[in-house]
Amino acid sequence: MAGMFEILSGLAMIILLLYYYLTLNFDFWKVRGVKGPRPIPLFGNTKDVIFQKKILAQYLEELCLLPCYKDEPYIGIFVRNTPILILKDPILIKDVLIKDFTSFSERHTSVTKKVEPLSQHLFHLEVAKWRPLRNKLSPAFTSGKLKEMFPLIMECSHHLEQYINNMPDNNTVEIYELMGKFNTDVIGNCAFGIEMNAIADDNSEFRKMGKEIFHSSLKREIREALRTSFPKLYNHLSFLFDYSNLTNFFLNIVKETMEYRKKYNFIRHDFINILMELKEQPNKLGEEIELTDSLCAAQAYLFFGAGFESSSWTMSNVLYELAQHHDIQDKVRKEIKEEYSRNNGSIVFESIKRMKYLHAVFQETLRKHPPVWNLFRKCTASSYTFQGTKLTIPKNQTIFIPILGIHHDPNIYPKPEVFDPKRFNDESNTINDTTYIPFGRGPRSCMGERFADYQSKVGLATLLRNYKIDVSEKTEIPYGIRQSSFLLHPTNGIYLKISKINEE
């Protein structure tokens, strides 16, 4: 009997110690005067996310819109037992992203070079390596470079037009896949100098790689959680994870393209050419960074993956919204046709900026359906006190800036679920650098934002000029979404009907 008592006492002690360990940090936000939901042991505030009842993007959006946090500048939550600060106030967001960037220059991400050589890209790199590389790669996206690439984008748009012309009329199409093929062709042409023809070729190797990058599975989600939470352990478990297919593909394609251009003295003013110049003149990057083959491949991998996926998501959502709002669709089409008429049946580089209403539709789509659901930042200062508050956070504190929650805040955007391009036609002091952030803001904002803008609008103009977009019996309203590490995707695709407009 005494032995049983000792066993039970031991178990009780173990349970109490475990409970103490799991809840040790749970007063972190309370002592700092930060409001937030009550956490529970083991799960923190993300039980529904862990059990896949919600995605984290949806949870953060719902949390930000709760009446009890309506006027709060920030909310404190726990991901398991890790304290996370959700930043809501536009002024404080501007401080973090722009004004005090040096105190928040790192993201809540890690390079796991041993397991994933392609993780050494600009999105993940620590600031010492990120800064010189970003400075040297930025010229790939200047107005001058975009103008040089514009004919290549137009060429891909002609392939898209030919493909749609050959489809049966009133055909229901999985538009997200079609836009993915178009953008794969654009990135291939403009970044790698390769005509991929993913639109016509269902077996395109580049399209297969694009799908593999964002393929969703339980194994991938476990892997992502492990990589984010325990990067050092993740690196030591490299034998459990096989990235050789993606790694070898991008390593080979970048290396072979560079070797071909060097051998034949072939110059093409694109992304690969800039990488070649940096590789041949390593002193331009300083001593902090060595531009190896894998580092070059990682930058190309990011440009390819993020470039085609975010644009595919946005273009699909533009068409999804226009299919439900024919009055807006007709107005966009009228503007597009006028621009084509102005340029003898085509559009030119300057046309993109002239199509103001298309731009408003594009911006409203990015507001309602941002491809990036959250911005991650980590405090790199020894401590930081937010302006106008008593809140001081320690070094390495992770901050979430919930893009969905901000873009759907009715205090900023009245009736946020309504698709209303007029928001971006009218002057409004509520839409500014930190209340509209689909591509981020500040030094670590998306470098390819302007490129995405041009490639998307060229594709949309090509499609909408002569075709009407409608919902079909297969269209989900609303459709389900899933998230990867930093992008959103439709769960079951987006099906829309495309029909030829018969001119009278």
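R268 and D270 pair up through their side chains in a salt bridge, 3.4 Å from N to O; the term here takes a side-chain nitrogen of Lys or Arg within 4 Å of a carboxyl oxygen of Asp or Glu. Both R268 and D270 are buried, where buried is under 20% relative accessible area, exposed is over 50% and partly exposed falls in between (1.4 Å probe, protein chains only). R261 joins R268 and D270 in a network of salt bridges.

A word on the model: it is predicted, so local features need pLDDT of at least 70 and side-chain atom pairs count only at pLDDT 80 or more, while totals for chains, interfaces and linings use all residues. Residues are numbered from 1 along each chain as its sequence is written, and side-chain values use heavy atoms, with hydrogens and water left out.

**Charged pairs**

Side chains of opposite charge can pair when their charged atoms come close. The salt-bridge rule gives a count of 17, including these:

| Pair | N to O distance |
|---|---|
| R268 and D270 | 3.4 Å |
| E350 and K147 | 3.1 Å |
| K457 and D453 | 3.0 Å |

What does the bridge between E350 and K147 tie together? E350 is in the loop between α14 (326-342) and α15 (351-354), and K147 is in helix α6 (residues 143-165), so the pair links parts 203 residues apart in sequence. Helices (H or I, at least four residues) and strands (E, at least two) are DSSP runs numbered from the N terminus. E350 counts as partly exposed at 35% relative accessibility, and K147 is also partly exposed, at 46%.

K457 and D453 sit 4 residues apart in helix α18 (residues 449-466), about one turn of the helix. Both are buried. H359 is in contact with D453 and K457, leaving aside neighbours within four places in sequence; contact means heavy atoms within 4.5 Å. H359 itself belongs to helix α16 (residues 356-368) and is partly exposed, with 29% relative accessibility.

Then there's E309, in helix α13 (residues 293-324). Beyond residues up to four places away in sequence, E309 touches Y176, F214, L487 and H489.

**A nonpolar patch**

M4, I7, L8, L11 and I14 make a nonpolar surface patch of about 510 Å². Patches use residues with over 30% relative accessible area and no salt bridge, joining like charges within 9 Å and nonpolar side chains (Val, Leu, Ile, Met, Phe, Trp, Tyr) within 5 Å. I7 is part of helix α1 (residues 2-23) and is exposed, at 51% relative accessible area.

**Overall picture**

The protein has 18 helices and 11 strands. Its radius of gyration is 24 Å, close to the 23 Å from the globule rule for 504 residues, so the protein is as compact as a globular protein of that length. That radius is taken over C-alpha atoms, and the rule is 2.2 Å times the number of residues to the power 0.38. Along the principal axes, the C-alpha atoms fill a box of roughly 95 × 55 × 50 Å.

Of the 504 residues, 53% count as buried. Among contacts between residues at least 6 apart in sequence, 73% join residues at least 24 apart.

Note on methods
Accessible areas come from the Shrake-Rupley method with a 1.4 Å probe; for residues, only the protein chains shown count as cover.
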